[in-house]
Amino acid sequence: MSPDRPEEQGVATGLSRPGLRGREAELEQLRALVEAVRDGEGGAIALLLGEPGIGKTVLLQETISIARAHGFVVSHGRAEELHELAPLASLASGLLHGDPPLLSGADFADLAGHHDQRIWLVERLAQLIEERSAGTPVLIAVDDVQWADPLSRFALSVMPARLLSSPILWLLTGREDPELYGQGPRTTTLPLRPLPETALTEVARDVLGGDVPERVAELLDGAGGNPFLATEMLAGIAASGADGTRPPERLVLGVRDRLADLRPDTLHFLRIGSVLGRAFSLADAAALCGRPASGLGAEVDEAIDAALLHDDGERLLFRHDLLRQAVYADLAPSVRRALHREAASRLVAAGRSSVDAVPHLLKSAEPGDMEAIGLLGTASTDVIAVMPDLAADLAVRALELVPPRAPMAYDVGERAIVALTRAGRYTQARDAGDALLARQPPLDVFARLQSVLGDTLWHLDDVHELARRLTAALAAVTDPAIRARLTARLALARSRGSDLGAARETGERALVEAERAGDREARVLALWGLGEIALNAGDCAAAVEHHTVLGVFDKAFLTEEAVARIHMDDFDTVRRLLRTAGDPPQRPAMLFWAQGTLNMGLGRLDDAEADFVTAERLEADLHVPGNLVNIRVNRGLLAMLRGDREAAREHLDVVRATVADRPNTGNHATHQYFEAVVADADGDHAAAAELVRSVQRDHPFLRWRLLRPHVVQAVRIALRGADRNLAEDLAAQAAEHATRNPTVPTARGTAAHAAGLVNADRELLERSVRVLGTGPRPLPLAAASADYGRALLTAGDSAATPALTRAHDLYARAGADVEADRVRADLERATTRSGRRAGGLGPRPDQGWDALTASERKVARLIAAGHTNRSAAQALVVSPHTVNTHLSSVFRKLSVRSRVHLARIVLAEDDAAATTGD
């Protein structure tokens with residue numbers, strides 16, 4: 001026996017029926033998963049991994065039969081090597097063609113109408129599948145997932161976690177672990193090993209119909225335990241005998257022997273088919289053969305009779321991909337390339353899309369192929385919204401095909417820079433642009449390329465280099481629209497500098513130039529730059545004005561308007577904006593960031609945490625964690641308010657790693673401030689004060705933006721660190737901010753609070769309480785009330801008790817447990833009724849029903865009552881993303897895996913509450 005084959009130990013003794021020999025253990029595991037999902041134990045993933053021909057598809061088909069017998073609705077899709085560019089093709093092939101289909105044609109048409117919104121599309125697809133699985137378990141199987149198109153891969157990476165509580169079994173086969181499934185339901189990985197000798201002997205008996213001669217057993221060792229190769233060898237032995245032609249050592253030689261018996265026309269037809277893929281239409285093959293489809297009947301029949309092809313009624317398929325690969329490998333490389341190129345031309349001539357032709361071009365196009373360059377560019381544009389990485393690859397390949405000195409290189413290169421930037425491959429985009437600039441293009445082309453590279457350098461946070469390049473380009477440009485774009489980008493670059501007055505002048509000039517040129521892109525950039533400049537200068541009203549106009553031009557900037565209005569305390573308008581964000585919303589991760597910022601302002605810490613978790617998850621889904629530092633800092637600050645130092649340190653570790661991986665000026669400042677808060681809590685007050693000072697000193701453009709919501713905390717850090725100059729500087733900054741924003745209660749109240757702390761002035765503290773009481777933010781009011789109450793307590797004034805009581809109740813309602821505990825300690829000193837609040841609320845447990853937040857309990861009860869995520873979201877007037885975040889937390893805290901288990905717990909809790917009268 002071959003040393004690569006497994007020993008007999010551990011192999012099940014009861015062999016299964018023909019076709020499944022040696023796979024008894026794997027089949028039982030799959031059967032158990034089917035039954036577990038059927039019985040309400042939540043979703044699951046099964047991965048069948050192994051080399052071609054090892055038996056993955058046979059096991060998948062058997063599992064489908066088992067699932068159908070257990071009442072599952074089944075979706076069976078297959079990814080195909082030459083269909084990697086068709087968005088969602090791998091999943092759709094199964095979702096639309098089941099019996100019954102999991103999705104209707106109308107459902108899919110609705111999805112296709114929003115194909116440019118990846119997050120929305122997958123969320124909507126998940127909703128449809130969730131609704132379909134509400135009363136019936138579902139099996140979603142995808143064969144050969146290694147060839148799945150990028151959008152299907154994205155969906156498979158997101159949906160199992162999104163639908164972890166639904167009765168859905170995901171069954172994927174591939175040649176290696178696709179690592180698609182993230183932190184979803186439980187995953188069972190079944191690597192299929194070579195068959196042991198016992199199983200191969202049974203396979204031989206199945207094929208030969210009797211005992212296996214010793215000579216055959218020896219020959220079978222050459223199959224390496226691969227059941228498909230063994231079966232092919234045995235078929236040859238059955239036809240010619242073990243003593244006839246020596247069985248080939250490789251399948252390609254065996255197929256060549258079989259092909260030698262075919263007529264030349266059939267052989268040519270099969271070779272054409274192998275170029276078109278495992279599955280191909282007769283019409284496409286006929287076009288490539290240069291013959292009418294009606295004239296290929298004899299060739300099709302002969303290929304089917306030779307057990308090489310199968311006809312499924314719509315397409316012709318090679319009986320196994322190994323057979324196709326063997327036919328394909330028997331073609332000379334030059335012949336393969338020529339056939340792929342001809343296939344691309346024929347498909348285009350037949351009116352097929354660039355998505356159909358491009359896979360063939362990628363295997364055949366040579367430098368100077370103008371048709372290929374054009375088709376690659378078209379395909380890149382077509383898929384960039386949903387598959388930006390693929391779009392970037394296509395655009396780069398198109399650029400590689402352009403002759404070195406061809407003028408079109410600049411247009412093709414510009415498209416490559418845009419696609420690479422969109423895909424987040426900023427360094428590669430910059431390098432591609434610099435290579436084009438090194439060719440010394442005409443001045444207007446130079447300016448246009450620098451304008452496009454401006455977006456790349458902005459994402460790289462290289463604002464000094466950005467400003468230098470833009471200034472050089474402005475000296476060369478003659479096109480008014482490009483000039484306006486360059487000026488607008490220069491305003492953005494200067495928004496990160498210390499001279500915000502000059503930045504504002506540049507932005508206003510850019511807006512005039514954009515309006516004069518009638519260029520929409522330039523106008524959007526100018527308004528964005530002016531809004532950023534206003535925020536960095538602490539002029540909230542101007543920021544709102546610019547961002548409101550910007551939102552009219554481009555809905556993608558709605559979140560910027562929302563955040564600007566949050567700084568104005570205009571919470572009612574923000575709620576309206578977020579409710580009307582659209583379906584599908586643009587930039588959903590930023591939308592949840594804005595929602596989380598609003599909930600922090602409202603003192604809804606649990607809801608804010610859920611929003612930030614959702615925003616982080618959406619960014620992770622898209623592999624663009626641009627806001628991860630801000631998200632984790634806010635989550636860390638929330639943890640500090642709750643007294644959860646361990647969670648805060650975990651968030652800080654993520655922030656440190658992210659900043660180290662991707663240095664960014666704004667991220668660095670935010671990181672430094674969070675380090676200061678943690679150091680202060682640890683008692684290292686001097687280090688904490690120095691960190692705050694470094695933020696003030698090194699990042700002047702962030703003075704208003706970063707410390708504005710945290711200035712009182714920063715003043716406390718400075719005072720505890722014995723840095724009075726820093727405390728006074730911060731208080732002066734707060735006063736200036738209040739002067740710039742006289743209609744914003746939080747700005748005026750915070751300024752009075754900061755000054756009251758620095759000067760130990762009870763009147764200023766009392767004023768801060770009065771002003772903040774007219775605003776919408778409970779936590780700043782709680783902080784001011786606490787400091788005012790402490791000042792009164794020190795003075796022996798009995799008014800300390802109501803002030804401290806107010807602070808405690810505001811903190812407690814918000815869930816800011818550690819602050820509530822501090823105030824409670826002061827209250828116990830302020831009242832003769834010692835112990836009145838002893839024990840307080842206490843920390844929330846980590847596990848069990850009592851660990852759930854109010855929002856999580858609402859979601860749990862709705863889901864237990866039979867709601868889908870979508871209908872629960874409608875009942876709560878929130879996003880399904882928010883419901884999913886809450887539900888994931890509920891499942892983790894209650895240690896459940898399915899909605900059935902959750903319903904039992906909710907029922908038990910409600911019964912217990914009814915019994916105790918709670």
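**Reading the model**

Tutor: Val122 has a relative accessible area of 2%, under the 20% cut-off, so it is buried. This is a predicted model.

Student: Which residues is Val122 in contact with, leaving aside its neighbours within four places in sequence?

Tutor: Val122 sits in helix α5, residues 118–132. Ser152 is 30 residues away from Val122 in sequence, with 9.3 Å between their C-alpha atoms. With neighbours within four places set aside, the contacts of Val122 are Phe154, Ala155, Val158 and Met159.

Student: Is Val158 buried, partly exposed or exposed?

Tutor: Val158 belongs to helix α6, residues 150–162. Not counting residues up to four places away in sequence, Val158 touches Val122 and Asp621. The relative accessible area of Val158 is 10%, and the limit for burial is 20%, so Val158 is buried.

Student: What is the distance in space between Val158 and Leu622, C-alpha to C-alpha?

Tutor: In sequence, Val158 and Leu622 are 464 residues apart. In space, C-alpha to C-alpha, the separation of Val158 and Leu622 is 9.6 Å.

Student: What share of contacts in the protein between residues at least 6 apart in sequence join residues at least 24 apart?

Tutor: The protein has 918 residues, and buried residues make up 55% of them. It contains 46 helices and eight strands. Of contacts between residues at least 6 apart in sequence, the share that joins residues at least 24 apart is 67%.

Student: Where does Asp144 lie, and is it buried or exposed?

Tutor: Asp144 is in the loop between β3 (138–143) and α6. Its phi is near 55 degrees, a positive value in a residue other than glycine. The relative accessibility of Asp144 is 8%, under the 20% limit, so Asp144 counts as buried.

Student: And Ala722, is it buried or exposed?

Tutor: Ala722 lies in the loop between α36 (711–720) and α37. Its phi is also positive, near 60 degrees, in a residue other than glycine. With a relative accessible area of 70%, over the 50% cut-off, Ala722 is exposed.

Student: Which class does Ala329 fall into: buried, partly exposed or exposed?

Tutor: Ala329 is in helix α14, residues 321–329. Its relative accessible area is 43%, which lies between the limits of 20% and 50%, so Ala329 is partly exposed.

Student: Which residues of α7 are buried?

Tutor: Helix α7 covers residues 197–208, and its 12 residues reach 16 Å from first C-alpha to last, close to the 16 Å expected. Just after α7, Gly209 takes a positive phi of about 80 degrees. The buried residues of α7 are Ala199, Leu200, Glu202, Val203 and Ala204.

Student: What covers the buried residues of α26?

Tutor: Helix α26 has 14 residues, 540–553, and its end C-alpha atoms are 20 Å apart, which agrees with the span of 20 Å at 1.5 Å a residue. Its buried residues include Cys540, Ala543, His547 and Leu550. Among the elements that cover the buried residues of α26 are α25 (520–536), α27 (558–567) and α37 (724–740).

Student: How do α27 and α29 lie to each other, and how does their contact divide by class?

Tutor: The axes of α27 and α29 (residues 588–601) come within 9 Å and cross at roughly 10 degrees. That angle is under 35 degrees, so α27 and α29 are roughly parallel. Residues in the contact include Leu558 and Ile566 of α27, and Trp593 and Leu598 of α29. By class, the contact of α27 with α29 has nine nonpolar, two polar and no charged residues.

Student: What about α30 and α45: how do they lie, and which classes make up the contact?

Tutor: The axes of α30 (residues 605–622) and α45 (residues 880–894) come within 9 Å and cross at roughly 105 degrees. That angle falls in the range 65 to 115, so α30 and α45 are roughly perpendicular. Among the residues that meet are Asp607 and Arg617 in α30, and His881 and Asn884 in α45. The contact of α30 with α45 divides into three nonpolar, six polar and three charged residues.

Terms used
Residues numbered from 1 in each chain as written. Predicted model: local features only at pLDDT ≥ 70, side-chain atom pairs only at ≥ 80, totals over all residues. Heavy atoms only, no water. Helix = DSSP H or I, 4+ residues; strand = E, 2+ residues; numbered from the N terminus. Expected span 1.5 Å × (residues − 1). Buried < 20%, exposed > 50% of the residue type's maximum accessible area, 1.4 Å probe, protein only. Contact = heavy atoms within 4.5 Å. Axes fitted to C-alpha atoms, helices over the stretch in contact; angles between N-to-C directions. Parallel < 35°, antiparallel > 145°, perpendicular 65-115°, else oblique. Nonpolar A, V, L, I, M, F, W, Y, C, P; charged D, E, K, R; others polar.
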